[in-house]
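I opened a new notebook page for this structure.

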Amino acid sequence: MDRRLQRQGLLTELAAAHGTPLYVYDLAAVRRNLEPFECFDSVRYAVKANSNLAVLRTLRDGGARCEVVSAGEIERARAAGFEPDEMVYTADLMDRSARELVAELGLHVNAGSASMLEDIAELRGAVDVTLRVNPGFGEGHDMKVTTGGPHSKHGIWHEELPAVRRRAEALGLRVTGLHVHIGSGLEGRFIERTVEAMDPAVALFGETLLRVSCGGGMSFPYRPGATPFDMQRFAAIWSVGRERWSRSLGRPIQLEAEPGRLLVADAGVLLTEVCGVKSTGREGSSFVLVDAGFHTMIRPLLYGSFHRISALAGGDRPTTPKMVAGPLCESADVFTQGKGGAPEPQELPDLERGELLVIHDVGAYGAAMASCYNSRPLPAEVVIHPDGSTLLARPAMDPNQLLALEQEALG
Ligand code: LLP
């Protein structure tokens, strides 16, 4: 956790100036998070984790390329200054909006389904492509983010690759990249197995292969005391694979990493105001009611993900286990829940209305997954520049803008 995001005075000022709920990102931390990836030949940021323009610019200035998955992300990446040849469009299907931009900008495609090869050839002619391989197994912090194995919709099933090679050749496509991403929140149990699983694919496409991407998915230690991801071990095991492939093919194969979470998770906090407290009088049922909800940050509801919550004016006050819940008219609107919605209260002091809580490590898949449920606004986002100055990088989206469009439509 970065020092700037721990500065009580600064966060209090930001909440007073811009209201809550409020995401605050430390761009210096984003930039620093690139450092552990220097051991790879290239690092490609998965824009879906946090697509705020200021964050994208910071990563671009730091030398990252980017991975985009929709027309909207392509537009954002362009606005952040990424050149088309610094982007890879990853998908398992080509929707109409992306087709146009892929063709217009000449984007390199990472195809997650064999059926995309015809689309690519039709849109772009005989070009270079990357294939996303489903190696037959996966791993993740939750079933919902496991992206390998027979029940995943992602990637080209490993046994299909020989047929895919014939299909690509017939279309004049050159397979220059292979990519594997078995899930998000990897503990590292399958690194060797994943590298080995790429051996047959590398041999099959060896004539044209230039690059192997080991994907992203490196886990972040959300819980206090959790073990940080062992990047050195991860990179070392992949480098052994890279050396083996380079030797057998007689030319250097580039190794690319494609992280999202690890570049941004700890660079963001969510500030939320206490609007009330209540209790049913039973143990573990003391509720702190706040103005952020799962429309602001959905990870606890969706995956039972843990995010540490603290009182901004912490002090030495005694604490008790408390539930923290949002304003939505839905009982699942609780930040302190584990898998399946099990209550997981956190230690907090007794709080007054108007106090601020900090929800930690929300830089990844926080604002990016926010919604307007219950006709509430998308949250505002503030950035702290490396020189310490702050900027409201995205104002909260007023749901009345949508209302106005509907009123106009209905006349
Ligand atoms: N590359 C590909 C092809 C991906 O699908 C993803 C994530 C990444 C890279 C980056 O993975 P990361 O390093 O961020 O784990 N909403 C979920 C995570 C979904 C990940 C989707 N794909 C969450 O909040 O945990």
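Then I looked up Arg-261, where a polar backbone atom is 2.8 Å from an oxygen atom of the ligand. I noted that this is a predicted model, in which local features need pLDDT of at least 70 and side-chain atom pairs count only at pLDDT 80 or more, while totals for chains, interfaces and linings use all residues. I also noted that residues are numbered from 1 along each chain as its sequence is written, and that side-chain values use heavy atoms, with hydrogens and water left out.

Gly-217 came next: one of its backbone N or O atoms lies 2.8 Å from an oxygen atom of the ligand. Arg-299 uses its side chain, with a polar atom 2.6 Å from a ligand oxygen. The protein covers 92% of the 580 Å² of accessible area that the ligand has on its own (Shrake-Rupley method, 1.4 Å probe; for residues, only the protein chains shown count as cover). I listed the surroundings too: 19 residues surround the ligand, and the closest are His-141, Ser-184, Glu-258, Arg-299 and Tyr-365 (near means a heavy atom within 4 Å).

**Rings.** I wrote down the rule before searching. Rings of Phe, Tyr and Trp (its six-membered ring) pair if their centres lie within 6.5 Å; planes under 30 degrees apart count as stacked, over 60 as edge-to-face and the rest as tilted. The count by this rule is 9 aromatic pairs. Why is the pair of Phe-294 and Tyr-373 stacked? Their ring centres are 5.6 Å apart and their planes are at 20°, so the pair counts as stacked. Helices (H or I, at least four residues) and strands (E, at least two) are DSSP runs, numbered from the N terminus.

I then checked exposure. Buried means under 20% relative accessible area, exposed over 50%, partly exposed in between (1.4 Å probe, protein chains only). Phe-294 is buried at 10%, and Tyr-373 is partly exposed at 33%.

I also found a cluster: ring pairs link Phe-37, Phe-40, Phe-229, Phe-234, Trp-238 and Trp-245.

**Charges.** A salt bridge is a side-chain nitrogen of Lys or Arg within 4 Å of a carboxyl oxygen of Asp or Glu. The whole structure has 19 salt bridges. I looked up Asp-41 and Arg-242, which meet at 2.5 Å, N to O. This pair links parts 201 residues apart, with Asp-41 in the loop between helix H2 (27-32) and strand E2 (42-46) and Arg-242 in helix H9 (residues 231-249). Asp-41 is partly exposed at 38%, while Arg-242 is buried at 13%. A network of salt bridges links Asp-41, Arg-242 and Glu-243.

My last pair was Arg-189 and Glu-139, with the closest N and O atoms 3.6 Å apart. Is each residue buried or exposed? Arg-189 is exposed at 60%, whereas Glu-139 is buried at 4%.

Methods. A polar contact is a pair of N or O atoms within 3.5 Å; within protein, one must be able to donate a hydrogen and the other to accept it, and residues adjacent in sequence count only if both atoms are side-chain atoms.
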